[in-house]
Amino acid sequence: MPKVPGLFKGLGVTFGTMVETITHGANTVQYPHVKEAPPVRARGVIALHEGNCTSCMLCARSCPDWCIYIEGHKELAPPRRAGGKPRAVNKLDRFDIDYALCMYCGICVDVCPFDALFWSPEYEYSEPRIADLLHDKSKLGEWMETVPAAPELEVGADKKGKK
Amino acid sequence: MFALLSSIPYWGQTILRLLGGSVAVLLPAGTIVYLFLFKMMSFMQSRLGPMEAGPYGSMQLFAEVGKWLQKEDLMPERADKFVFKIAPLVVLSSTFLLVVVVPFGPDAWITNFEAGVFYALAVSSVSVLGILMAGWASANKYSLLGGLRAAGQLIAYELPMILAVVGVVIQAGSMNLQDIVVAQNAGSIFGWDGLGNPYLLTQFIGFLIFMIAVQAELTQTPFDMPIAESELVSGYMTEYSGFRFLIFFIGEFATAGVFAFIASVLFLGGWGVPFSWFGWTGINDVDNWMNVGGPLIMLTKMLGLAFIIMWVRFSYPRFREDQLQRFAWKILIPISLVNIVATSVLKVAF
């Protein structure tokens, strides 16, 4: 018997929500017609800045799903200063992320020592064929356009970077 | 009786009755599913529900039926094939048998049993057989557990339901549903007949017990232990797919509609309006237009009661199995017995 007021309160909650939905609209949006903007730091898709990548394989090795495929070869680049030795650089041949396997943990983004991987909030890239979820180097490069600008550092923060 | 009906041959009357029965079963089921299951439930969860198929998703039902009809009719390898196939039909047929006694107007009834209440309560328990058959024949332990839970629950809650109706029968002095409607609408409250005498007022406890028992008979949510999806997958419906699942689904909501019809006949005055409004005194004075107006009044009352059933369904979490049985045997049945005694004492006293 002491539970009876609570029972009516519960009915009141659902009825109130119904009235509110009818008069003020629902909390949800009708997705294909209306799109919600995801938060700037949402984990939608991973973008690749190819120029920064040294094919060091840290991301591929730290990936729990093994969904990153990297192939590269060494090339000799001209020396920086006249009379120097030619430099050996890693050239990236293949950089694929299989989004059918990716679980969006973001370890690859964290572990990259050269800022080559970025999160983008873009999320509309489903495909009818599962094989098309394997994004190659050029497609991952295209996602760079959707990467939001990095937030400003705090005042007094120790700024590192290239001179 | 009905001049038009008696002028057509028997086979014509049979077709009319079959049509009327189908409409009386399927129309409430469709209305309840769209209005309450799709829309009201969504609104209560602050979302819009189906919006794409037709204006405001009103064609969603046809899309769902089409989807189920084209699904593969799966059957477990070790299932008892014949029993497995026939179980949903047994459940649905109990609904059709149930609607037969419901009067929709002074002449708009399908059959007019003298013991209509008795028949309705007896036939409503046929669905237990179908559910038990489905649970047993599926060769699946979840189905079996669900079927046994359903059997235990439906039998436990049939008792308070029958005992709650006994109060109405005592007060009306008849087991004929048509007579119960007339007794309510021709009645008066202490000499004032502006509202008739709907048994909702005098048998309010009986009404509450009846609605709780109906909720349990329909295995709607506070009492959905038999299909508890977090424990039993889907109970006795686990192995069903395609149109056999569709039949279970229609059966569930059609039975909700028919029980709401019966509750409105027993407690809300059924198809009638208070007879004093038009100066009628008995069923023979009732004008012919009530054969059209009556079903509409019934539909309105049915929707009101179905709203309550669904509202409760969407608001409460489910009972545990032992709480569910204790609630029936220790609370509902004693209260309804006291209600019967009080009703009969008052019936003799007045």
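Predicted model: local features only at pLDDT ≥ 70, side-chain atom pairs only at ≥ 80, totals over all residues.

Biologist: In what order do the 3 strands of the open sheet in chain A stand?

Modeller: Strands of a sheet pair through backbone hydrogen bonds, either parallel or antiparallel. Strands (E, at least two residues) and helices (H or I, at least four) are DSSP runs numbered from the N terminus, and two strands pair if DSSP finds at least two bridges between them. Here the order is β2-β3-β5 in chain A, with antiparallel pairing. β2 (68-77) and β5 (134-135) of chain A stand at the edges with a single partner strand each, so one side of each has no neighbour in the sheet.

Biologist: Over how many bridges does β2(A) pair with β3(A)?

Modeller: β2(A) and β3(A), residues 87-98, are joined over 10 bridges; A:H73 stands opposite A:K91, and A:L76 has A:A88 as its bridge partner. β3(A) and β5(A) pair over 2 bridges, with A:D98 opposite A:L134.

Biologist: Where does the kink lie in helix α4(B)?

Modeller: The bend at a residue is the angle between axes fitted to the seven residues ending there and the seven starting there. In α4(B) a kink of about 30° lies at B:A87, shortly before the proline B:P88. Both B:A87 and B:P88 are buried, that is, 20 or more other C-beta atoms, placed from the backbone, lie within 10 Å of their own. The buried residues of α4(B) pack against α2 (10-44), α5 (116-124), α6 (126-137) and α12 of chain B.

Biologist: How many residues has the largest nonpolar core?

Modeller: A nonpolar core is a set of buried Ala, Val, Leu, Ile, Met, Phe, Trp, Tyr and Cys residues joined through C-beta atoms within 7 Å. The largest has 105 residues, and B:V102 is among those with the most contacts inside it. Its largest share, 16 residues, comes from α12 (242-267) of chain B. Apart from this core lies another of 20 residues, among them A:I70 and A:W119.

Biologist: How many residues of chain A are in contact with chain B?

Modeller: Two residues are in contact if their C-beta atoms, placed from the backbone, lie within 7 Å. By that rule, 11 residues of chain A are in contact with 11 of chain B.

Technical notes. Residues numbered from 1 in each chain as written. Chains lettered and ligands numbered in written order. Buried ≥ 20, exposed ≤ 12 C-beta atoms within 10 Å, placed from the backbone.
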